[in-house]
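Subject: Structure handed over, with notes

Hello,

I am passing on to you the structure that we talked about, and I would be glad if you could read the notes under it with the model open beside you.

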4 protein chains.
Amino acid sequence: MSGSGFGKCFSVSTWGESHGEGLGAIVDGCPAGVPLSLDDIQMELDRRKPGGQFATSRQEADKAMLLSGVFEGATTGTPISIALFNGDKRSGDYKELCCVYRPGHADLAYDLKYGVRDYRGGGRSSGRETAGRVAAGAVAKAFLRELGITVSSYVASIGSVCVDKDRLDLEEVLRNPLRMPDASAYAKAAELCRQAIEDGDSLGGVVECFISGVISGLGEPVFDKAHAVLGHAFFSIGAVKGVEFGRGFDSARLRGSQCNDQYAGADGRVAKLSNNAGGILGGITDGTDIFARIAFKPTPSISKEQRAASSSGESVQLSVKGRHDPVIPPRASVVVEAMAAIALADLAIQSLASKVTDVKSILKSRPSSFLQEQ
Amino acid sequence: MSGSGFGKCFSVSTWGESHGEGLGAIVDGCPAGVPLSLDDIQMELDRRKPGGQFATSRQEADKAMLLSGVFEGATTGTPISIALFNGDKRSGDYKELCCVYRPGHADLAYDLKYGVRDYRGGGRSSGRETAGRVAAGAVAKAFLRELGITVSSYVASIGSVCVDKDRLDLEEVLRNPLRMPDASAYAKAAELCRQAIEDGDSLGGVVECFISGVISGLGEPVFDKAHAVLGHAFFSIGAVKGVEFGRGFDSARLRGSQCNDQYAGADGRVAKLSNNAGGILGGITDGTDIFARIAFKPTPSISKEQRAASSSGESVQLSVKGRHDPVIPPRASVVVEAMAAIALADLAIQSLASKVTDVKSILKSRPSSFLQEQ
Amino acid sequence: MSGSGFGKCFSVSTWGESHGEGLGAIVDGCPAGVPLSLDDIQMELDRRKPGGQFATSRQEADKAMLLSGVFEGATTGTPISIALFNGDKRSGDYKELCCVYRPGHADLAYDLKYGVRDYRGGGRSSGRETAGRVAAGAVAKAFLRELGITVSSYVASIGSVCVDKDRLDLEEVLRNPLRMPDASAYAKAAELCRQAIEDGDSLGGVVECFISGVISGLGEPVFDKAHAVLGHAFFSIGAVKGVEFGRGFDSARLRGSQCNDQYAGADGRVAKLSNNAGGILGGITDGTDIFARIAFKPTPSISKEQRAASSSGESVQLSVKGRHDPVIPPRASVVVEAMAAIALADLAIQSLASKVTDVKSILKSRPSSFLQEQ
Amino acid sequence: MSGSGFGKCFSVSTWGESHGEGLGAIVDGCPAGVPLSLDDIQMELDRRKPGGQFATSRQEADKAMLLSGVFEGATTGTPISIALFNGDKRSGDYKELCCVYRPGHADLAYDLKYGVRDYRGGGRSSGRETAGRVAAGAVAKAFLRELGITVSSYVASIGSVCVDKDRLDLEEVLRNPLRMPDASAYAKAAELCRQAIEDGDSLGGVVECFISGVISGLGEPVFDKAHAVLGHAFFSIGAVKGVEFGRGFDSARLRGSQCNDQYAGADGRVAKLSNNAGGILGGITDGTDIFARIAFKPTPSISKEQRAASSSGESVQLSVKGRHDPVIPPRASVVVEAMAAIALADLAIQSLASKVTDVKSILKSRPSSFLQEQ
């Protein structure tokens, strides 16, 4: 079955393996007339690139090629194909892994499912696969920009270190390599990371994603509720083990009178007095900000020795070599944004047909040729 | 757009409103030859029916009709249609709500999206919609039974009261109306519920779902990972605000060496020494149990007075009348099982084509007519 | 796999067997605000009902129930469920067919595929299945009516008798039971039918479908071209063996200079000087009428004796009993319209997102709640 | 909406424009373990390449790159990405067409739909787009080869010249540039082509496609009947105006006793005594050969002067320059095979879940890891 596509109307297909020829994405269903340049795409890919002391030392140029669907600076309504060729492949690093299942990795599951597996750097299950998502996400962001919707993110916790919500400084996100919006939390998390690296170990963390300028009416009852589609998108990112919206798991501990967002009338419109729901009610956006939290497990590749098994069912001791991020969330935050943007772009287009008056206003204004009597 | 369908191969469509003629589901894509009776369906619907002191007093017979797709006690491969007609409708209870947006409900969002809304009892956004899911889930369970897969659930917490994992008693789930597997926790939660009802308030809680007898190789890389599809399914249930798999949000606080499930060889097979991952690696099941936690917010309908707004944008004070469950998880646990079963049934069928050897063994053994020379 | 659904945005699912409890359809994705009544649906079903001397004598009331998705006379944007219960079932007529494969029928193919089969009246493969399509088609027509699009049809030929295109009289279609727009051709075709019935035989024929008021820009390059989606829709009707658009197979005999529809400028717009293409260019509608021809094979059920085989592989002589239309096109023309309407409704909604300016005009005008500082 | 994808399980997405950077396809859902090399793909692309006196003089190397999804000579179950870069682009040829609508082309329809258009060589609506289909079709053929299914085609008529069915010589197809299986018909058709070229005109024709080694049970009732999906596939090819299966339009002129394929028992199996149905009954294959005829209109690009119109609605006289095939079917026959193979591959995988016994035999035999008590 084909699981490498996402989206019903604004749809994305990705391809590629960690150590194959390259990877990329096709975006189909983006409306014509969206301003889009290679720079828009490259800028997002550059945000995803490893960098700094807390990232893998693999150096990939990750220069995108924009191969179709854009003409004279704007989309044409046809598929947008983006490709990146792999450069810094050191497949030799992985030869010894062909017959060993690394704990916490997809190795065993792929073998159980397919019987074969491109073991070089994790193949399709590598985090490198997300480059295609980020490229496609850049297209989604360009589309959402036209609607005034902005998708942002930061790292909210690394291991046991959480940012202090009372002193969030979003500009700080750009200043530190862990992308934490709190300089003091960053200092502690950095120390934690250094310690983990020294121990040949790794750390988990939480990414928070917030979307502003949201248009109301996005999300389709009953199975394609906005947070169901966003949840699908987030859980599709490798290493994600938990997702929550608004007050999330905390909601389960509240009473209705504490959790409900009460309303007030204001100038003929309806104002919410709080946003515990995270911008989504009954699965449909109401125009207030969407807020989600995404939990990442620690990087499974660690050099610390672990018990593992071979494909022939023998126990082995394993110390995973190769180049790996000791902590996933800083780079993954860009992927979270990409998936949020893709999901929201799709929901935006899905929602166009909600009212027949809207449908008529678009379709009846469309020009047309006609048959002339000769 | 059509959001009332779920599943790519084993697909479910539901229809119906709380106070309309009725509701139901079509299951398409169920293989031929699955033993299925009306009883299988009715039994699940009965588990979902309100009952006991902590549930709405609305009395629905919820007698299912099995209208197609079953012949001589087994499925035929054609669509299975199940319908329930609404009985105990007191739409009058809701007339006054036609122009008021209840806090925590979908009322406002539906109006923003569609411009119109069947306000009787929440219409399509009512929890009553889940009867269709449970009916379809009964079909999915019947199919999974053939594969040896079992889906179960219980209520793990109500408000601040959590069950004690060290003394889980699954038989206790059937004995108390809050479906908690711990008599002592139940006693405390029951007291909490009584207090909330007395205060005209409501409570949230967490459902835990575990799936055993899981077949390996379910889940499609990269966007239809098993937990992405399950996550989509769970988040599509009304009032769900958070979902986690395996160790979930806790994973984010662990180190790799703590979180990774290490392996051992055993008799030529591979054994896991722990199951922090909750049965899914790289989005693909490995055959061990799947474990998920689903957080529900408190029932939004409370009689306690709240600030609300009218559709013309005026502030009002609102006390929600009608018949409502003061706490959602006990009845929702059946819905959680239904959605898990539907998602897993779909993934099972999606995974049939993973290996060409399997494809050949099915297709090449199929009988065929042939053309005879005359 | 689930093949009982059609449409990506305006989607239809049908269920039901010839001699089961009943049959019906769910329409999901119809915009809110489309005026719709049970009468709209019943009227189309009545057009499909058998009647007259050239139709089966099975008498079905075919009274539709409209179960959801409509509130106060208009659609609400939620699934529209329509059901019909079977009345005049004489399953006994079919008992003897449980183990015999009727020539020209789906009996053998179903057994090869599923291993089991509801043999009563053809089960799911019966022409009776089309009642669900016609019900759904009535919803599609109600939607298209809002856009000014009209779908019509007539029977263009029965056996070797063709209507004379130079004297089409569309009102005649309503006057004769063969729905031919030419009284003289009708007279000859009626005689042919009488002869076939007398011989215990049946006849084929061609239905022509024309769609006017078409909106330009419907059809998605490259795989969902308008005539590809319409072609899919038409070929999904039982007994259809050929489909052509515009000049169709004739085009293959023409030169480019004869076949191309040339243009002229007219008041700043573009006029076509002919419509050989049948309203579709490059798979996209241009606003001129769509024209299609659909070929039906003769009714396979004939009382004339034929060579047949049993499920155990033995030769038998067979005379098919039961009640059957001796010629399919007159009643099938209503089904052709239904499928054309469903396909076009889906394409209309799919095309809403073609231009970002349209997307913005809809989404940016949508009302929204907002967060008020307390 | 996204129309550049085809297939539900074995799915193909194509991208690219005639004079952009290149074009290509992603195949997702191909089972793991199918032997596949770049040569398999290049061989099909070479068959599609222009050549000989009756084809465009545009010279494209059309060298495919196989970028993902294949490891050590076989598919891995992950997306297979294939790309071709454009070489011989003479976009200058098309500058003058930016504001003129060519008769018989998609120019006008694209402008009506999208408001913008990549006018260079037809952009996405160019016949060059089919290179992506042929590349994907090569993957489908490699998969079908494993099942013993073969897809073939030839040109059955050019203009008014038809091959003589009584003396088909399939080897002749490889010997003449018009791919006609009848040397005498070829000679006449070649003369017709020369005449058309001399007149600055073009010709239409019919391709016949036959599929042997077909597995029974392919095709899903009721909307995804085998010929509905194949019909969709064929009508998605540019310039196709008609499709028929088996006896096709001829069936409409027959009586049931002539058209029905009668059966005989033979050694415990069921033999058909004729194949008027073209291998499909009730939308499901029965194992006998599938036969289809596909009608192509004449190439719309002709140098003969025609009446045309500009985008500002003014009449112009137009002689289309550039390099064009004077007759489409010879090269299109390869595209017909590709689409047939893709559609059939998808139907084969869709049909895997028809019987629960098959599902069990695959899934229950799958290996699995297990949780070991420590």
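Predicted model: local features only at pLDDT ≥ 70, side-chain atom pairs only at ≥ 80, totals over all residues.

Residues are numbered from 1 along each chain as its sequence is written, and chains are lettered from A and ligands numbered from 1 in the order in which they are written.

Chains C and D

Between these two chains, 102 residues of chain D are in contact with 102 residues of chain C (two residues are in contact if their C-beta atoms, placed from the backbone, lie within 7 Å). The largest share of chain D's side, six residues, comes from helix α2 (residues 107-114) of chain D, where helices are DSSP runs of H or I with at least four residues and strands are runs of E with at least two, numbered from the N terminus. Because 100% of the interface residues of chain D are also interface residues in chain C, the copies meet through the same surface.

Strand β12 (residues 240-245) of chain C and strand β12 (residues 240-245) of chain D run antiparallel and are joined by three bridges (strands pair if DSSP finds at least two bridges between them), and within this pairing Glu244(C) stands opposite Gly242(D).

Chains B and D

Here 48 residues of chain D are in contact with 48 residues of chain B, and the largest share of chain D's side, seven residues, comes from α9(D). Strand β14 (residues 269-272) of chain B pairs with β20(D) in the parallel sense over two bridges, with Lys272(B) opposite Leu371(D).

Two helices of chain B

Helix α3 (residues 130-147) of chain B and helix α8 (residues 329-350) of chain B pack at an angle of about 50°, with their axes 7 Å apart; axes are lines fitted to C-alpha atoms, for helices over the stretch in contact, and angles run from 0 to 180 degrees between N-to-C directions. The two helices are therefore oblique to each other, since angles under 35 degrees count as roughly parallel, over 145 as roughly antiparallel, 65 to 115 as roughly perpendicular and the rest as oblique. Among the residues that make this contact are Gly137(B) and Ala140(B) of α3(B), together with Ala338(B) and Ala341(B) of α8(B).

With best wishes
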